[in-house]
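Please look over the sequence and the model shown below, and then follow the paragraphs that come after.

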Amino acid sequence: MQNKTFYNEILTEHNRNPYHKHPLKVVDLMLEGVNPSCGDDIFLNLKMNGDVIEDASFQGDGCAISQASADMMIDLVLGKTKQEALELADRFLRMIRGEATEAEKESLDEAAILEDVSHMPARVKCATLGWHTIQEMLKDKDA
């Protein structure tokens, strides 16, 4: 039961007090991510310094899982290169599909708590919205 309590505490904290939910003064890349099945809608903002994500934020509305997942994702990608961020997104999405190793899950830090979302099909799109958005953004742009 402690695991479920820990999950709820982290999810609630990132949803109620998202550190990265705000506008950025300087935005190099912005992309909207939408989950039409439940109405989650985020705008992901990145400030790049060459190939490195120097700053990031998100704005928008959605359920607790989508908002917390986007906030945790930004914690992980800040200071990372474009390629490292894409690798983290790939690792997270493989975790949700049940394909990630234990070491890969550990490298996702707090975001690894969302692994259990894979057992809730209606919530998978919520948890993966920010991750799919950053993948699309970075794969399509020469950041």
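**A walk through the model**

V27 is found in the loop between helix 1 (2-16) and strand 1, where helices (H or I, at least four residues) and strands (E, at least two) are DSSP runs numbered from the N terminus. The model is a predicted one, in which local features need pLDDT of at least 70 and side-chain atom pairs count only at pLDDT 80 or more, while totals for chains, interfaces and linings use all residues. Residues are numbered from 1 along each chain as its sequence is written, and side-chain values use heavy atoms, with hydrogens and water left out.

V27 counts as partly exposed because its relative accessibility is 33%; buried means under 20% relative accessible area, exposed over 50%, and partly exposed in between (1.4 Å probe, protein chains only). Together with M30 and F43, V27 forms a nonpolar patch on the surface, with about 240 Å² of accessible area for the three together. Such patches are made of residues with over 30% relative accessible area and no salt bridge, nonpolar side chains (Val, Leu, Ile, Met, Phe, Trp, Tyr) being joined within 5 Å and like charges within 9 Å; a salt bridge is a side-chain nitrogen of Lys or Arg within 4 Å of a carboxyl oxygen of Asp or Glu. Accessible areas come from the Shrake-Rupley method with a 1.4 Å probe, and for residues only the protein chains shown count as cover.

H20 also lies in the loop between helix 1 and strand 1, but H20 counts as buried because its relative accessibility is 4%. The side chains of H20 and D75 are joined by a polar contact of 2.5 Å, that is, a pair of N or O atoms within 3.5 Å, where within protein one must be able to donate a hydrogen and the other to accept it, and residues adjacent in sequence count only if both atoms are side-chain atoms.

Next come the strands, which pair if DSSP finds at least two bridges between them. Strand 1 (residues 29-35) and strand 2 (residues 40-49) run antiparallel and are joined by 7 bridges, with D41 in strand 2 as the bridge partner of V34. These two strands form a hairpin with 4 residues between them, and G39 in the turn has a positive phi of about 95°. Strand 2 is also joined to strand 3 (residues 52-61) by 9 bridges, again in an antiparallel arrangement, and M48 stands opposite I53 in strand 3.
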